[in-house]
Amino acid sequence: MTDRNARIVHLDDTSPNTRRGGDLRAVLTPTSVGATSGFMGLAIIKPGERIGEHYHPYSEEFVYVVSGDLEVDLDGTTHRLSPDQGLMIPVDQRHRFRNVGSTEARMVFHLGPLAPRPELGHVDTEETQEAAAVHAAPPDPAGAHA
C-alpha cells in the first residue's frame with residue numbers, strides 16, 4: 001500500500017549529480033517520497049556548462065525554464081529556451097542542454113512514467129567531461145565512485 005501522506009523535500013536535502021554535466025537534483029522520486037508515476041527535479045547549469053546528450057526509452061520529459069538562457073538540441077536540431085518556457089520531450093528523442101547565457105540557469109524537469117528499473121530510464125549517447133573525469137579517476141578505495 002502506498003503512503004498517502006504529502007511530503008516536502010528541500011533542495012538542500014538532495015545530492016548533486018554532476019556526472020552528465022550540470023548539477024541535476026532529483027527532488028521528488030520513488031525513494032524520497034514514494035512517487036509511483038514519475039519523478040521531478042531541478043537542473044542547475046552554470047554558464048558554459050551542458051548536460052550531455054541522452055534519451056529516455058520509457059518516459060516523456062517535461063522541462064520548465066525558471067531562469068537563465070538555454071539551448072536544447074532535439075535529435076540534432078537546436079532550439080532556444082528562455083525563462084517561463086516549457087518543453088515536452090517525447091519518449092526516445094535524443095536531447096542535450098547548454099547554458100548559453102552569462103548567469104546560472106535553473107530548469108525544472110519531470111519524467112513519467114517511470115522505467116521498469118531506474119538503470120533503464122536514461123541512455124547516454126555521448127560522454128561529458130564530467131563523466132570522462134569520473135572514468136579516468138583512480139579507483140576510490142572507499143567505493144565512493146560507484
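Me: How many aromatic pairs does the structure hold?

Reply: The structure holds one aromatic pair. Before we go on, this is a predicted model, in which local features need pLDDT of at least 70 and side-chain atom pairs count only at pLDDT 80 or more, while totals for chains, interfaces and linings use all residues. Residues are numbered from 1 along each chain as its sequence is written, and side-chain values use heavy atoms, leaving out hydrogens and water.

Me: Why is the pair of Phe39 and Phe109 called edge-to-face?

Reply: Rings of Phe, Tyr and Trp (its six-membered ring) pair if their centres lie within 6.5 Å; planes under 30 degrees apart are stacked, over 60 edge-to-face, and the rest tilted. The centres of Phe39 and Phe109 are 6.3 Å apart and their planes stand at 85 degrees, so the pair is edge-to-face.

Me: What makes this a link between distant parts of the chain?

Reply: Phe39 belongs to strand β2 (residues 39-45) and Phe109 to strand β9 (residues 105-112), 70 residues apart. Strands here are DSSP runs of E with at least two residues, helices are runs of H or I with at least four, and both are numbered from the N terminus.

Me: Are Arg25 and Asp23 buried or exposed?

Reply: Arg25 is buried because its relative accessibility is 13%, and Asp23 is buried with 15%.

Me: What does Arg96 pair with?

Reply: Arg96 meets Asp73 in a salt bridge at 2.9 Å, N to O. This pair joins strand β8 (residues 95-99), which holds Arg96, to strand β5 (residues 70-74), which holds Asp73, across 23 residues. Arg96 also meets Glu126 in a salt bridge, again at 2.9 Å, N to O. Arg96 is buried at 17% and Asp73 is buried at 6%, whereas Glu126, at 24%, is partly exposed.

Me: What makes these salt bridges a network?

Reply: They share partners: one network joins ten names, Arg50, Glu53, Glu71, Asp73, Asp75, Arg80, Arg94, Arg96, Arg98 and Glu126.

Me: What makes the contact of Gln93 and Asp75 a polar contact?

Reply: A polar contact is a pair of N or O atoms within 3.5 Å; within protein, one must be able to donate a hydrogen and the other to accept it, and residues adjacent in sequence count only if both atoms are side-chain atoms. The side chains of Gln93 and Asp75 are joined by a polar contact of 3.4 Å. Gln93 lies in the loop between β7 (86-89) and β8, and Gln93 is buried, since its relative accessible area is 18%.

Conventions
Buried means under 20% relative accessible area, exposed over 50%, partly exposed in between (1.4 Å probe, protein chains only). A salt bridge is a side-chain nitrogen of Lys or Arg within 4 Å of a carboxyl oxygen of Asp or Glu.
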